[in-house]
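Visitor: Can you walk me through this one? I'd like the fold before the details.

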Amino acid sequence: MLERIVTGVIIGFVCGFFLFKDDGKSDLKRFVLIYMAITSIPFIGTSFMDGAEYGLMAIGEIVVGFFIASSMYKN
């Protein structure tokens, strides 16, 4: 269970890190959006297979990782 929590936070952090990084490259941001879809959707889907509470928790983990990365770049 702990590894799923860490994985969800890492997925959100990596996606937030590249999306908030201001490098001016739209191709990199497009790649990150595709990466987010490829990794997030199956992660959330397999979590929902275990139960609704695990699926909602997976969404929350990704959001927490995303907000951690976005808060790093706002400062």
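Guide: The chain has three helices and zero strands. Along the sequence the pattern reads α-α-α. Note that this is a predicted model.

Visitor: What is the average pLDDT, then?

Guide: The chain averages 84, and 93% of the residues score at least 70.

Visitor: Start with α1 and α2. At what angle do they pack?

Guide: Helix α1 (residues 2-20) and helix α2 (residues 26-50) pack at about 160 degrees, and their axes are 10 Å apart. That angle makes α1 roughly antiparallel to α2. Their crossing is left-handed.

Visitor: Which residues make the contact?

Guide: On the α1 side, Arg4, Thr7, Gly8, Ile11, Val14, Cys15, Phe18 and Leu19. The α2 side includes Leu28, Val32, Leu33, Tyr35, Met36, Phe43 and Asp50. By class, the contact of α1 with α2 has eleven nonpolar, six polar and three charged residues.

Visitor: Next pair. How far apart are the axes of α2 and α3?

Guide: The axes of α2 and α3 are 5 Å apart, and the packing angle is about 150 degrees. Roughly antiparallel applies over 145 degrees, so α2 is roughly antiparallel to α3. The crossing of α2 and α3 is right-handed.

Visitor: Which residues are in that contact?

Guide: α2 contributes Ser40, Phe43, Ile44, Ser47, Phe48 and Asp50. From α3 come Ala52, Tyr54, Gly55, Leu56, Ala58, Ile59, Glu61 and Ile62. The contact of α2 with α3 has nine nonpolar, three polar and two charged residues.

Visitor: Pick out isoleucine 44. What does it touch?

Guide: Isoleucine 44 lies in helix α2. Leaving out residues up to four places away in sequence, isoleucine 44 touches Gly55, Ala58, Ile59 and Ile62.

Visitor: How far is isoleucine 44 from methionine 72?

Guide: Their C-alpha atoms are separated by 25 Å, and the two residues are 28 apart along the chain.

Visitor: That leaves α1 and α3. At what angle do they cross?

Guide: They cross at roughly 40 degrees, and their axes come within 6 Å. α1 and α3 are therefore oblique to each other. α1 passes α3 in a right-handed crossing.

Visitor: Which residues meet there?

Guide: From α1, Arg4, Ile5, Gly8, Val9, Ile11, Gly12, Phe13, Cys15, Gly16, Phe17, Leu19 and Phe20. They meet Glu61, Ile62, Gly65, Phe66, Ile68, Ala69, Ser70, Met72 and Tyr73 in α3. The residues of the contact of α1 with α3 divide into 14 nonpolar, five polar and two charged.

Visitor: Change of topic. How many aromatic pairs are there?

Guide: A search of the whole structure finds two. One of them joins phenylalanine 13 and phenylalanine 17 and is stacked.

Visitor: What is the geometry of phenylalanine 13 and phenylalanine 17?

Guide: The rings are 6.3 Å centre to centre, with 20 degrees between the planes. Planes under 30 degrees apart count as stacked.

Visitor: And where do phenylalanine 13 and phenylalanine 17 lie?

Guide: Both lie in helix α1, four residues apart, about one turn of the helix. Phe13 and Phe17 are also among the α1 residues that meet α3.

Technical notes
Residues are numbered from 1 along each chain as its sequence is written. This is a predicted model: local features need pLDDT of at least 70, side-chain atom pairs count only at pLDDT 80 or more; totals for chains, interfaces and linings use all residues. Side-chain values use heavy atoms; hydrogens and water are left out. Axes are lines fitted to C-alpha atoms, for helices over the stretch in contact, and angles run from 0 to 180 degrees between N-to-C directions. Helices (H or I, at least four residues) and strands (E, at least two) are DSSP runs, numbered from the N terminus. Angles under 35 degrees count as roughly parallel, over 145 as roughly antiparallel, 65 to 115 as roughly perpendicular and the rest as oblique. A crossing is left-handed if the near helix is turned anticlockwise from the far one by less than a right angle, and right-handed if clockwise. Contact means heavy atoms within 4.5 Å. Ala, Val, Leu, Ile, Met, Phe, Trp, Tyr, Cys and Pro count as nonpolar, Asp, Glu, Lys and Arg as charged, and the others, Gly among them, as polar. pLDDT is the predictor's confidence in each residue, from 0 to 100. Rings of Phe, Tyr and Trp (its six-membered ring) pair if their centres lie within 6.5 Å; planes under 30 degrees apart count as stacked, over 60 as edge-to-face and the rest as tilted.
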